[in-house]
Every structure is written in structure tokens, then in C-alpha cells.
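Have the sequence and the coordinates open side by side, and we'll go through them one by one.

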Amino acid sequence: DRSVWSMAGHAIFGRFARETIEAAGASFDVVTLSPARRATSAGVRRWLTAAIDAIALLYGGFPVARVGVYVVPVPGGAGDPVPFGSTWYGGGPHVLLYLASGAADDDLTGEWVALHELLHTTMPSIAVEDAWLSEGFVTYYQEVLRARGRFQPPGVSMQLVEEGFGRGRAAQTKRTLADESRLMRANHAYYRVYWAGAAIALKVDVELRRASAGKRSLDDVMRHLSRRAGNVVDVSAAELVADVDAWLGAPTFASIATPVLASAEFPAVDASYAWLGLGVRDG
């Protein structure tokens with residue numbers, strides 16, 4: 001499609017294995033490059049299918065009809081089975097997953113990188129300066145869905161979220177979150193931007209649940225945003241926030257996100273934790 005002209009993407013040449021995974025109502029073109037690896041093809045399929053099925057718990061299926069998945073074996077061991085990933089949209093949504101050559105099949109299923117990157121493809125492509133929304137919401141849901149998919153207990157997911165918030169707090173500067181998001185790549189402010197965005201996601205999720213007596217949640221917002229996946233020009237966070245609030249019929253998203261974006265302080269989540277019945281003791 002015309003996204004090849006407007007958005008960055010990848011082409012692959014050389015030796016590779018290719019197969020199609022049909023899962024959750026979508027097709028996934030899986031290309032695995034040729035360097036030697038310990039994980040088997042069956043193990044790679046289980047790993048990817050488990051991540052796809054976990055995402056389908058949020059959407060009732062996978063909301064994008066076709067996604068490319070490029071598995072790139074790289075040196076490394078089981079301690080970090082998938083050391084990096086990235087998501088791209090030019091030529092259609094596709095993810096690159098760097099698979100440690102020493103990782104075995106059992107090291108893969110339930111790890112977070114594949115889930116994180118595949119989640120990106122279900123959202124609109126968002127302007128790079130608004131990473132607080134694109135990365136923050138995906139970071140929040142990677143842990144929510146690892147609990148829903150039974151890869152880990154809910155308490156473990158919330159502990160990982162809290163530890164992420166701690167990294168975000170430790171990375172504070174005198175710049176506002178809006179500025180940190182805009183300058184994230186130049187300043188390497190990844191912890192601050194990703195986890196402050198995840199804190200906004202948590203706060204919006206809790207507020208929607210509280211205000212609707214459990215009838216609405218951030219799940220509904222994600223489903224609404226997924227209808228705009230596959231855009232061929234990046235969209236701004238401001239446009240998406242306005243779109244969501246118009247759909248909700250109340251300025252819920254803006255009322256939470258706007259003051260956080262204008263602040264140099266990490267978002268306070270104590271009230272959200274209290275409503276959920278959560279507390280933090282000794283970290």
C-alpha cells in the first residue's frame with residue numbers, strides 16, 4: 001500500500017525461512033533469518049502464537065488482518081532470550097524480534113518483547129514525539145496481558161509495573177513529560193517516557209472503571225483506537241486524546257494526561273493503587 005512511500009519499513013534479502021501463522025483471525029508472515037539458533041521452528045511458533053492469543057484477549061481477536069514478523073537470531077543466551085524488538089509500518093505493519101541464539105523453546109513463551117511489539121501494530125502509528133502514548137500504553141498492557149494470558153500471576157504483573165514506575169521516577173529531570181517525550185531519543189529518556197506514559201494508562205484505566213462502576217475500562221479505549229490501526233501517516237497524541245474523549249462523551253483522557261504532560265514530576269499513582277486495593281511496602 002502507499003505506506004511504503006510515507007513510513008519507514010524493511011525489506012529482507014538473502015537466506016531465510018518463511019511461514020504463515022494463522023491465529024486470532026489474522027495472518028502473520030513469519031520470516032526467520034538464517035544464523036544458527038537453539039530455538040526450534042515449533043518453539044518459535046508457540047512463542048509467537050502465545051503472544052498473539054494474549055493480545056486477542058483484549059480485542060476479542062487480533063484487530064489487524066496481516067502482520068509481518070521478522071525473527072533475527074543474534075548472539076546471546078537464555079538470560080535475555082529476546083534482547084530487543086521494534087515495530088514498523090511502511091509496507092504494512094511488521095515487527096523485528098531479535099532472538100538470542102542460545103535461547104531454548106522454554107525460554108520464549110511469555111516473555112514480554114514479542115507481546116510489546118505486536119501490541120504496537122494494533123494501535124495507530126503515533127508521532128515519534130508522542131512516545132508517552134504509544135510506548136506508555138503498550139508498556140502498561142504488556143504486563144496486564146501477561147497476567148491475563150497466565151504467563152505470570154497478577155501480583156507479579158503489578159510488581160513489575162511498580163518497579164517500572166520506580167525507574168521512571170529515578171530518571172526525572174527538570175523537563176516536562178511533554179518535552180522529555182519530544183526529546184526522548186536525543187536524551188535517551190526512555191524510562192521516564194515509557195513509564196510515565198504507563199502511569200497515565202493506569203490512571204485512565206482506574207478512572208474509567210471507577211466512574212462507570214466497572215462498565216468501562218481502558219480496554220474499551222484500546223479497542224476504539226485499534227480501529228485507526230493501519231494509518232499511513234503518523235497521527236498526533238493530541239488528536240487521539242480528543243478522539244477518545246469525544247467518543248467517551250467526557251474529557252477523561254485529557255483531564256488526566258494534560259497536567260501530567262505539563263509537569264516535571266512523575267505521575268502520582270497512590271490514589272489509583274488505593275482504589276484497586278493495592279499498597280506498596282518496602283518496594
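Which helix gives the largest share of the lining of the largest pocket? That's α4, with 7 residues. Keep in mind as you read on that this is a predicted model.

## The largest pocket

The volume of the largest pocket comes out at about 1200 Å³. Its lining is made up of 38 residues, and those closest to the centre are His116, Glu117, His120, Glu135 and Tyr194.

Several elements each put at least two residues into the lining: the strand β4 (84-88) and the helices α3, α4 (131-148), α5 (154-170), α7 (184-187) and α8 (190-211).

## Histidine 116

One of the residues closest to the pocket centre, His116, sits in helix α3, which covers residues 112-121. Is histidine 116 buried or exposed? With a relative accessible area of 3%, histidine 116 is on the buried side, because the cut-off is under 20%.

The side chain of histidine 116 makes a polar contact of 3.0 Å with the side chain of glutamate 135. If you skip the neighbours within four places in sequence, histidine 116 is in contact with Glu135, Val138, Thr139, Gln142 and Tyr194. Two of these names, Glu135 and Tyr194, also turn up in the list of residues closest to the pocket centre.

## Glutamate 143

Now hop over to helix α4, where you'll find glutamate 143. Glutamate 143 has a relative accessibility of 4%, so it counts as buried.

Leaving out residues within four places in sequence, the contacts of glutamate 143 are Gln152, Ser157, Leu160 and Val161.

## Valine 235

Valine 235 belongs to a loop, the one that runs between α9 (218-226) and α10 (237-248). It's buried as well, at 7% relative accessible area.

Not counting residues up to four places away in sequence, valine 235 touches Pro124, Ser125, Ile126, Ala127, Arg228 and Leu240.

## Aromatic pairs

How many aromatic pairs does a search of the whole structure find? There are 8 of them. One is edge-to-face between phenylalanine 28 and phenylalanine 62, at 4.9 Å centre to centre with 80° between the planes. This pair bridges distant parts of the chain, 34 residues apart: phenylalanine 28 is in strand β2 (residues 26-33), while phenylalanine 62 is in the loop between α2 (41-59) and β3 (66-74). Phenylalanine 28 and phenylalanine 62 are both buried.

Then there's the pair of phenylalanine 165 and tryptophan 195, whose ring centres are 6.0 Å apart. Why is this pair edge-to-face? The planes stand at 85°, and over 60 degrees counts as edge-to-face, so the pair gets that label. Phenylalanine 165 is in helix α5 and tryptophan 195 in helix α8, so the pair ties together parts 30 residues apart in sequence. Phenylalanine 165 and tryptophan 195 are both buried.

To finish, have a look at Trp132, Phe137 and Phe253, which form one aromatic cluster.

Key. Residues numbered from 1 in each chain as written. Predicted model: local features only at pLDDT ≥ 70, side-chain atom pairs only at ≥ 80, totals over all residues. Heavy atoms only, no water. Helix = DSSP H or I, 4+ residues; strand = E, 2+ residues; numbered from the N terminus. Buried < 20%, exposed > 50% of the residue type's maximum accessible area, 1.4 Å probe, protein only. Polar contact = N/O pair within 3.5 Å; in protein donor to acceptor, adjacent residues only side chain to side chain. Contact = heavy atoms within 4.5 Å. 1 Å grid on protein atoms, 1.4 Å probe; cavity = no way out; pocket = protein on both sides within 12 Å on 5 of 7 lines; lining within 4 Å. Points joined across faces, edges and corners; volume = space filled by probe spheres on them. Phe/Tyr/Trp six-rings, centres within 6.5 Å; stacked < 30°, edge-to-face > 60°.
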